[in-house]
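I opened the model today to look up a handful of local features and to write down what I found. The entries below follow the order in which I looked.

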Amino acid sequence: MLEERVFTAVGTSNIALIKYWGKRNEQLILPTNSSISLTLDENLSSRTSVIFSERLDRDSFYLNGKVQDINDGELKEKFQIINRLRTMAGVRDNILVVSENNFPTAAGLASSAAGMSTLVFAASNALGLNLTQRDLSIVVRMGSGSACRSIAGGFVRWNRGELDDGSDSYAEQIFNESHWPEVTDVIAVVSEGKKRISSRSGMRQTMQTSALYQSRPQFAERMARELAEAIGRRDFNALAEIAIRDSNNMHATMLDTYPPISYLNDTSREIMNAVHEINESAGEALAAYTFDAGPNAHVITTDRHIASVRERLSEIDGVSRLIESKAGRGPRILGESESLIDVGSMLPKRSSGDE
Ligand code: DP6
């Protein structure tokens, strides 16, 4: 039996500069290409407390003060990760998970990456599983692909891998958060609503119907190699072109899906034009945009140009706010005073929205 103890962790989101969009194995979540991301800092974080206890009569999960239906569709699939961890630890106790994001959930700001990586980090610690970073990323990957890149700080590559069992498809840090400290992500929040099509089903439809998608894995793999080199020599011009091309390549396959999928809106396209204008008038790349499965823009720039990029973005109609993030350092365990769980009642500490 486990000692009854709350474990609380904070973990962060990541922004892919080379995108993952498509699985070669849906059960194990094995990608069709390697991807590279920047782990974001605690301006885009999830705080998660977990406790395993025989006093709990079932598993439950509270997100931002609201109890979630863990028997429902995709959440059910993602929550299987807890069973996997329980089996690894030989534990049968139920779990209470209380999680809070400090940024819009499911609006394309990869809240699931922060949430899933932090949950697995907290739960594996609570279960006393001494996972290496590689094994941790493999477990997280099976919950949600892009989340596996949030297990480390700085620039992280999720290797496609070749093996059928997925044991070589893991995330690893390629450069730490101090390697290129000038790099900053200015996020233009365009919509805080929930997205229409989840990434999970969107990428499935793209793989099934897009003719353009045929060429994507090879292209992305080449871009991933070139990006790792560009980051290594801190070459912002190269980073910008690669990130922009890869984002547009992914969104082109979405549009080529039938029926078409379009996550971008007019504001997103105006931001794209603004970035190209900024770069053209400077005669070099000062900024790059990249979009996940949503209309919010991640505009990557460097310290010297943050102010002008912010100014230009805030002039655009439809941009509701800007969030800034540097490279983050990956998940960590917090002290007891940061816990979100009241052990006496086995409920979330805050009463708002609880049942
Ligand atoms: C567009 O990781 O959400 O953000 O593995 O099915 O859970 P599942 O998908 P998910 O897909 C994210 C795709 C993306 C690109 C990226 O982050 O690489």
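How many of the 11 residues of H3 are buried? I found that eight of the 11 residues of H3 are buried, so this helix is largely enclosed by the rest of the structure. I take buried to mean under 20% relative accessible area, with exposed over 50% and partly exposed in between, computed with a 1.4 Å probe on protein chains only. Helices (H or I, at least four residues) and strands (E, at least two) are DSSP runs, numbered from the N terminus.

Before going on I noted the ground rules: this is a predicted model, in which local features need pLDDT of at least 70 and side-chain atom pairs count only at pLDDT 80 or more, while totals for chains, interfaces and linings use all residues. Residues are numbered from 1 along each chain as its sequence is written, and side-chain values use heavy atoms, with hydrogens and water left out.

**Entry: H3 and its partner**

I listed the buried residues of H3 as Leu-136, Ser-137, Ile-138, Val-139, Val-140, Arg-141, Met-142 and Gly-143. Helix H1 (residues 73-89) packs with helix H3 (residues 133-143) at an angle of about 145 degrees, and their axes are 7 Å apart. Here axes are lines fitted to C-alpha atoms, for helices over the stretch in contact, and angles run from 0 to 180 degrees between N-to-C directions. On the H1 side I noted Lys-78, Ile-81, Arg-84, Leu-85 and Met-88, and on the H3 side Val-139, Met-142 and Gly-143, as the residues that make the contact, where contact means heavy atoms within 4.5 Å.

**Entry: the four-stranded sheet**

I traced an open sheet of four strands in the order E13-E14-E12-E15, with antiparallel pairing; two strands pair if DSSP finds at least two bridges between them. Strand E13 (287-290) and strand E15 (321-325) are the edge strands, each pairing on one side only. From one strand to the next the twist averages 25 degrees. Helix H6 (residues 236-255) packs on the sheet, where it touches E13 and strand E14 (297-302), and its direction makes about 20 degrees with that of E13. Strand E12 (residues 183-189) and E15 run antiparallel and are joined by five bridges, and I found Asp-185 opposite Ser-325 in E15.

**Entry: strand E2**

All five residues of strand E2 (residues 14-18) are buried, so this strand is largely enclosed by the rest of the structure. Four bridges join E2 to strand E5 (residues 35-39), with the two running antiparallel, and Ala-16 stands opposite Ser-37 in E5.

**Entry: around the ligand**

Which residues come nearest to the ligand? Of the 17 residues around it, I noted Tyr-20, Lys-23, Ser-144, Gly-145 and Ser-146 as the nearest, a residue being near if one of its heavy atoms lies within 4 Å. An oxygen atom of the ligand lies 2.7 Å from a polar side-chain atom of Ser-144, and a side-chain N or O atom of Ser-146 is 2.6 Å from an oxygen atom of the ligand. For Arg-200 I found a polar side-chain atom 2.8 Å from an oxygen atom of the ligand.

I placed Ser-198 in the loop between E12 and helix H4 (199-209). A polar atom of the Ser-198 side chain lies 3.2 Å from the backbone nitrogen of Ser-201. With neighbours within four places in sequence left aside, Ser-198 is in contact with Glu-74 and Tyr-263.

Ser-49 belongs to strand E6 (residues 45-53) and is buried, with a relative accessible area of 0%. The Ser-49 side chain reaches the backbone nitrogen of Leu-340 at 2.9 Å.

**Entry: backbone geometry**

Where does Pro-259 lie? I found Pro-259 in the loop between H6 and helix H7 (266-282), and a cis peptide bond, with omega about -5 degrees, joins Tyr-258 and Pro-259.

Ile-29 has a positive phi of about 55 degrees although it is not a glycine; this residue sits in the loop between strand E3 (23-25) and strand E4 (30-31), and is buried at a relative accessible area of 2%. Met-346, also a residue other than glycine, has a positive phi near 55 degrees. I located Met-346 in the loop between strand E17 (341-342) and strand E18 (347-348), and at 10% relative accessibility it counts as buried.

Notes:
Polar contact = N/O pair within 3.5 Å; in protein donor to acceptor, adjacent residues only side chain to side chain.
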